[in-house]
Amino acid sequence: MKLKQPSNSASQTLTSSETRLLVRETFRISANLASAPPSAPAAAAVADQERISLRDSNFGGLVEDQFLNSSLKLICCEEIDGRRWQYFADNEISVRSGGSKQLKKNSIRAVSLQSPQAPIDELLAFVRSYVVPEGFPDSVTPSYVPYMKWRALKHFFGGAMGVFTTQTLLSSLGVSRNNVMPGAVAINWILKDGAGRVGKMLFARQGKKFDYDLKQLRFAGDLLMELGAGVELATAAVPHLFLPLACAANVAKNVGAVTSTSTRTPIYKAFARGENIGDVTSKGECVGNIADLLGTGLSIMISKRNPSLFTTFALLSCGYVMSSYQEVKSVVLHTLNRARFKVAVESFLNTGRVPSLQEGNSMENIFSPPWQKHKPIVVLGPRFKDAFQDPNSFLALEPIFEKEQYLVTYNPSKGDICALFKDQAKSDDILKAAFHAHVLLHIISSSNQNQRSSIKQEHDLSAALPTLGDLQSHIAESYKMVSALYGPFKNKAKEQGWVMSDSLLNPGRARLCGLV
């Protein structure tokens with residue numbers, strides 16, 4: 001009995017330790033099971049379902065598993081013409097903030113919520129952007145389609161006849177029809193005209209810009225006409241490059257012709273006080289034709305004296321450009337496009353009054369040279385990714401505009417002010433956002449100017465850039481100013497005879513939806 005007791009005691013001790021180990025493992029397994037993720041098939045099904053609807057627009061492919069399972073935070077949703085994107089940003093732990101989570105800078109990623117368009121649909125959308133007006137068919141009357149069908153057919157037959165008339169004209173100049181030369185010359189001439197028509201067609205995509213930025217486009221078109229004339233003149237120096245130079249010149253001149261034709265009616269409409277726009281247009285074209293004939297006669301008389309070709313062309317070009325600039329500046333329009341809206345708001349903020357129609361049009365900027373230093377501008381309706389680089393900036397500004405249908409921010413990379421619109425934004429919301437953006441630009445420009453003057457001796461202009469805290473204070477200040485000044489600005493603008501419309505400001509089509 002005594003010999004078996006130690007054995008029994010040992011077995012009892014082993015059994016109690018195994019029991020404790022078993023209980024401990026049971027609790028551990030239960031805890032793991034309680035906190036475990038869904039089963040592999042279920043998780044795979046969820047991932048597959050999300051993968052169907054999510055597509056990474058940065059990489060052009062389906063979102064990978066590591067993207068779906070990473071620590072990304074949804075910021076907002078954006079919609080453009082029925083197509084939607086979601087914007088995510090990376091979470092990061094900030095040591096300075098006691099381990100709190102913040103969104104990582106420059107980590108914004110756009111994710112498309114629909115499958116890409118078929119190539120044929122993209123091609124049709126591309127062609128549609130050139131051949132039909134924006135908003136078609138709601139933007140035109142039902143008679144537009146049959147009119148354009150017959151017009152296209154008429155130009156088809158006219159283009160076909162042009163080939164034979166060109167050959168006939170060349171033959172009339174004494175070139176034998178059986179010779180190969182007239183055919184080659186005719187083909188070169190037709191290619192030159194064809195290149196011009198292609199340039200005219202491509203520039204027609206400017207669309208609604210011909211309605212609100214007509215002064216700027218009209219003067220730019222006249223500059224292109226002069227450029228085309230200069231290129232034509234260069235063919236005399238290098239005759240072996242006739243075809244490429246003639247094609248380039250014709251492209252430039254035809255683009256200028258498009259701007260002249262497209263802006264002619266709105267300009268004449270500004271002169272007509274009744275239903276006499278047809279009469280005003282016909283008389284204006286008659287004056288232009290008379291002046292053209294007189295200029296042609298003068299040039300014939302001058303050419304008989306064999307003057308310097310370069311000097312004569314330079315003098316005539318200077319007169320043409322100066323006359324074109326003064327012609328455009330003399331037009332007084334009642335509408336507030338972006339340029340005139342900027343003039344009106346800046347004058348209102350500086351003097352408390354809105355300029356008259358004559359003053360506002362004379363102060364409008366018609367042309368900015370390409371070499372001019374970039375100045376901060378107001379961008380209306382940009383993409384979210386073009387307006388924000390730091391997601392924390394968006395999250396900080398969103399509560400300020402909670403009651404508004406827009407968001408205004410500062411883009412430090414370009415120094416521009418961006419006004420983003422929510423999906424419920426109406427016409428007055430867009431006008432108010434544009435006014436708010438100019439007010440914010442005025443505040444930031446004044447603040448930067450004061451900071452630059454204070455640090456001018458240190459030559460550290462980067463210190464003048466507003467920080468996130470400065471931006472929040474500037475926007476809060478601008479919000480108070482807009483609440484007090486937007487109503488008086490609209491009333492004074494109407495008293496001066498200005499017509500305000502959101503379409504004249506040409507806002508972008510991007511809209512924020514589903515803000516979180």
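Biologist: Is E232 buried or exposed, or does it lie in between?

Modeller: Burial is judged by relative accessible area: buried means under 20%, exposed over 50%, and partly exposed in between, with a 1.4 Å probe and protein chains only. E232 has a relative accessible area of 32%, so it is partly exposed. This is a predicted model, in which local features need pLDDT of at least 70 and side-chain atom pairs count only at pLDDT 80 or more, whereas totals for chains, interfaces and linings use all residues. Residues are numbered from 1 along each chain as its sequence is written, and side-chain values use heavy atoms, with hydrogens and water left out.

Biologist: With which residue does E232 form a salt bridge?

Modeller: A salt bridge is a side-chain nitrogen of Lys or Arg within 4 Å of a carboxyl oxygen of Asp or Glu. The partner of E232 is K253, and their closest N and O atoms are 3.3 Å apart. This pair links distant parts of the chain, with E232 in helix α8 and K253 in helix α9 (residues 242-271), 21 residues apart. Helices here are DSSP runs of H or I with at least four residues, numbered from the N terminus. K253 is partly exposed, because its relative accessibility is 24%.

Biologist: How many salt bridges are there by this rule, and which residue pairs with R218?

Modeller: The count is 11 salt bridges. R218 pairs with E327, with 3.6 Å between the closest N and O atoms. Because R218 belongs to helix α8 (residues 214-234) and E327 to helix α11 (residues 309-329), the bridge ties together parts that are 109 residues apart in sequence. R218 counts as buried at 13% relative accessibility, whereas E327, at 38%, counts as partly exposed.

Biologist: How far apart are the closest N and O atoms of K283 and D279?

Modeller: An α-helix has 3.6 residues a turn, so residues three or four places apart point the same way. For K283 and D279 the closest N and O atoms are 2.6 Å apart, which makes a salt bridge. Both lie in helix α10 (residues 277-303), and because they are four residues apart, about one helical turn separates them. D279 is partly exposed, at 41% relative accessibility. Elsewhere, salt bridges with shared partners join K215, R340 and E364 into one network.

Biologist: What span should α8 have?

Modeller: The expected span of a helix is 1.5 Å times one less than its number of residues. For the 21 residues of α8 this gives 30 Å, and the end C-alpha atoms are 30 Å apart, which agrees. Its buried residues include L217, F219, D222 and V231.

Biologist: How is a pair of aromatic rings described?

Modeller: The description uses the distance of the centres and the angle of the planes. Rings of Phe, Tyr and Trp (its six-membered ring) pair if their centres lie within 6.5 Å; planes under 30 degrees apart count as stacked, over 60 as edge-to-face and the rest as tilted. The structure holds 14 aromatic pairs. In one of them, the ring centres of F384 and F394 are 5.0 Å apart and the planes are at 85°, so the pair is edge-to-face. F384 lies in helix α14 (residues 384-387) and F394 in helix α15 (residues 391-397), 10 residues apart. Both F384 and F394 are buried. One aromatic cluster is formed by F341, F348, F435, Y486 and F489.

Definitions and conventions:
Helix = DSSP H or I, 4+ residues; strand = E, 2+ residues; numbered from the N terminus.
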